[in-house]
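Student: I'd like to learn how to read sheets and helix packing in a model like this one. Can you walk me through it?

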Amino acid sequence: MTEPDYLTATRTAYDTNAARYAEFIGEHFPANPVHRVMISFFAELVRAAGDGLVADVGCGPGHVTAYLRSLGVTAFGIDLSPEMIALARDAHPELRFEVGLMGALDVEDASLAGVLANYSIIHTPPERLPETLAEFHRVLAPGGHLLLSFQGYDDPAELAEAFDHTVSLAYRYSPDRVAELLLKVGLAEVARLIVAPGEDPQRGFPQAHLLARRTA
């Protein structure tokens, strides 16, 4: 089967810019406490449900996977970029990282306590987003949690708007419309955090964090 062009382009872009991106995110993530609040909330819910496994989908250089582990969550990372996975393994040799696709996870049905997609759905074209969310639903156990983080689009009449991401073409998504898509695949919204546009000094986009749970 021929791979979609957007996957090839995204992989190539991140392979080419892996070291530079890892350096940037290594400075940006620790300086963003509001973002980490939602990850901590997600981790607490996962821990409360037992010692379940969490997939950090689109893990990049592994910074969030490592943060989840520091919060007591058994997490592993998946990314489409072999160069990113190599950096993640080098930086965090004690953790598990795999090359893979978020739309076709090499994970058994209903086997995960949590899925985290930290600014990784942004390279998924809008027409492909429903099938990606359905894949997240497939791998989550009933009661399992999904945390999506993405640049927000504040026009609920539209699902998405393309923007020029530094690395590769990306899309910012309407939180309301994404929540509707989640519900259609069996993932009910639990909570959301919207960071005001003025807090983004680079583009002035709102930042959205949606937490959902797979219904029984």
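**Strands first, then helices**

Tutor: Let's start with a pair: strand β2 (residues 74-79) runs parallel to β3, and four bridges join them. Two strands pair if DSSP finds at least two bridges between them. Helices (H or I, at least four residues) and strands (E, at least two) are DSSP runs, numbered from the N terminus. This is a predicted model, where local features need pLDDT of at least 70, side-chain atom pairs count only at pLDDT 80 or more, and totals for chains, interfaces and linings use all residues. Residues are numbered from 1 along each chain as its sequence is written, and side-chain values use heavy atoms, with hydrogens and water left out.

Student: Which residue of β3 does Phe-76 stand opposite?

Tutor: Arg-96. Helix α5 (residues 82-91) packs on the sheet there, touching both β2 and β3, and its direction makes about 170° with that of β3. Contact means heavy atoms within 4.5 Å. Axes are lines fitted to C-alpha atoms, for helices over the stretch in contact, and angles run from 0 to 180 degrees between N-to-C directions.

Student: What is the strand order in the open sheet?

Tutor: Seven strands, in the order β3-β2-β1-β4-β5-β9-β8, with mixed pairing. β3 (96-99) and β8 (187-195) are the edges; each has a single partner strand, so one side of each has no neighbour in the sheet. On average, neighbouring strands here are turned by 15° against each other, direction ignored.

Student: How do I describe two packed helices?

Tutor: By the angle between their axes and the distance between the axes. Take helix α3 (residues 33-48) and helix α4 (residues 63-70): their axes come within 10 Å and cross at roughly 50°. That makes α3 oblique to α4; angles under 35 degrees count as roughly parallel, over 145 as roughly antiparallel, 65 to 115 as roughly perpendicular and the rest as oblique.

Student: Which residues make the contact of α3 with α4?

Tutor: From α3, Arg-36, Ile-39, Ser-40, Phe-42 and Ala-43; from α4, Val-64, Tyr-67 and Leu-68.

Student: And what about α6 and α7?

Tutor: Helix α6 (residues 129-139) packs on helix α7 (residues 175-184) at about 50°, with the axes 9 Å apart. So α6 is oblique to α7. Leu-129, Pro-130 and Leu-133 of α6 meet Val-178, Leu-181 and Leu-182 of α7.
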